[in-house]
Each structure stands twice: as C-alpha cells, then as structure tokens.
Amino acid sequence: MMDKGIGFSRTILLDWLDVTASMCVQKVEPLTIRQRLADTISGTVTGIDAQRKTIDVLSAIWVKTAKTAPRIHQEALALFPTLSSSDERLWLHYGLTLVCYPFFRKCVAAIGQTSRTEEIITRKMIKDRIAGEYGHLGALDRSVERIIASLTNWGALAKTEQKQNYRILLHNFACSENLQSWLLSCALQAHPSDAIPFDDLIHLPELYPFRITLGVDSLRRDERFEVQRQGGGLDMVRIAETEK
C-alpha cells in the first residue's frame, strides 16, 4: 500500500486545527487557508515539504470533508462557534479525522482495543497490531509515530517517564448529547459496516478518549440515524438514508 493510503503523515497540533476550523467557519477560500496556515505553522514546522504535508493534513480534515462528508461537515461548521473549550472542539476535530483518514481510525481503534487489557501502549504495540493489514512500511512506522504525537498533544494519550511508553487516557472528554450523537455519526460513517449494534457503537474502540452517555432512545429520536430492532432485542444503528 502506498503512503497515499495512509495519508496522516504529520504531527497535528490542536491549535492548528482550531485555526483551520475558524477559517472554514468564516468561509475563507481554500487557497487563502493554505497561505495563512503556512504562517501559523512556520514557527514549529521547518522545511517546505514538511510544511506542505502538514497543511495537506489540516486541509483534508476541515476543507476537503465538505465534499466527502457534506452533512457531517456542515454540522461541524455550525457547532464549532458554539463550543467554548478546546476539549469540546476536539470532538469535532477527532470526528472529522475519523471520517477523513481510515488509517487514523485503524490506529486509534488499536489503541482502544489495547486499553481493554493494558494501561500503557508503545508505538511498537500499535504498529504490530496494524502491520498485518498494511505491511511493515516505513510510511506506516512514521505515521503511527505522528498519530501518537498528535494524540498526546490532544490529551488522548500521556507521556510517561519511559520514552517509548504512553498512558492511555480513557473517557477523558465529556460533552453534550448533541456533540456525542454527532461523533457517533462520524464513527458510523467511517466504519466499514453499514449498521452496528447500538451497544457496539457506543463502545467502539476508536472512541476510547470520549465518554458516551447516550441511550438508544436518543438515537431513535435523532434524524441522523435509523435504529432497527432485531431478534434477541438487538438494536441495529445505521446512518439515515436522507443523511448520506
């Protein structure tokens, strides 16, 4: 698999995502967004190629999802100005990143799965979990490192005294029901399955940093979703057809 299939190749800071989102809310032209982001990141990221790749990732998350996931993107633009803290805004950045980058979803799902038995992860643990699908590529190694560095900046992982070890911060972020259901719609959109049992959906390993407190009745009332009761009392959740 080419690096193109991985895509998330740079460390992305929360502040940069906020700046990108703010410009999208203000309807700044994509080319102008790129130019302003170059100024924003220039103090941290050196080298033309590294800056271009960083801006590519930021633009993919907040600019290009307007075409690939228009409903989710529009809702994110509407929600962003209403959120007062970086912790709340992370829900939006994270959801759009899930939708935008399948490789990111694989990595955070691997971290979430590991969290069920371990409190600490290493880069090697995550690389080993996903290498079966992607192979041991140099691009994979670098991207895993960049994703872990990004998650550390976002508050979803914490550094430990041992350099290679990171503490998994479970359910670190709590928020309103509307933001929770929006994030669940992102997770469902990003998931390879069309429909997921409700209990599985709210416990998806890729959502490990977030506290989901919604009940199934909330999703029944939410026009984003279709909930179908199946045999054995199983509630299957899918994205509503009108929302795709």
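Me: How many aromatic pairs does the structure hold?
Reply: It holds 9 aromatic pairs. Rings of Phe, Tyr and Trp (its six-membered ring) pair if their centres lie within 6.5 Å; planes under 30 degrees apart count as stacked, over 60 as edge-to-face and the rest as tilted. The model is predicted, so local features need pLDDT of at least 70 and side-chain atom pairs pLDDT 80 or more, while totals for chains, interfaces and linings use all residues. Residues are numbered from 1 along each chain as its sequence is written, and side-chain values use heavy atoms, with hydrogens and water left out.

Me: Why is the pair of Tyr94 and Trp154 edge-to-face?
Reply: Their ring centres are 6.4 Å apart and the planes are at 70°, so the pair counts as edge-to-face. Tyr94 lies in helix H5 (residues 86-100) and Trp154 in helix H8 (residues 138-154), so the pair ties together parts 60 residues apart in sequence. Helices (H or I, at least four residues) and strands (E, at least two) are DSSP runs, numbered from the N terminus.

Me: Is Tyr94 buried or exposed?
Reply: Tyr94 is buried, at 1% relative accessibility. Trp154 is buried too, with a relative accessible area of 3%. Buried means under 20% relative accessible area, exposed over 50%, partly exposed in between (1.4 Å probe, protein chains only).

Me: And what about Phe104 and Trp154?
Reply: That aromatic pair is tilted, 6.0 Å centre to centre with 45° between the planes. Phe104 lies in helix H6 (residues 102-114) and Trp154 in helix H8, so this pair ties together parts 50 residues apart in sequence.

Me: Switching to the core. Which residues touch the most other members?
Reply: Trp62, Tyr94, Phe104 and Leu151, out of 83 residues in the largest nonpolar core. Such a core is a set of buried Ala, Val, Leu, Ile, Met, Phe, Trp, Tyr and Cys residues joined through side-chain atoms within 4.5 Å. Helix H3 (residues 48-68) gives the largest share of this core, 8 residues.

Me: What about the sheet, in what order do the strands run?
Reply: The order is S4-S6-S5, in an open sheet of 3 strands with antiparallel pairing. The edge strands are S4 (195-197) and S5 (225-230). Two strands pair if DSSP finds at least two bridges between them; 6 bridges join S5 to S6 (residues 234-239).

Me: Which residue stands opposite Leu234 in S6?
Reply: Gln230 does.
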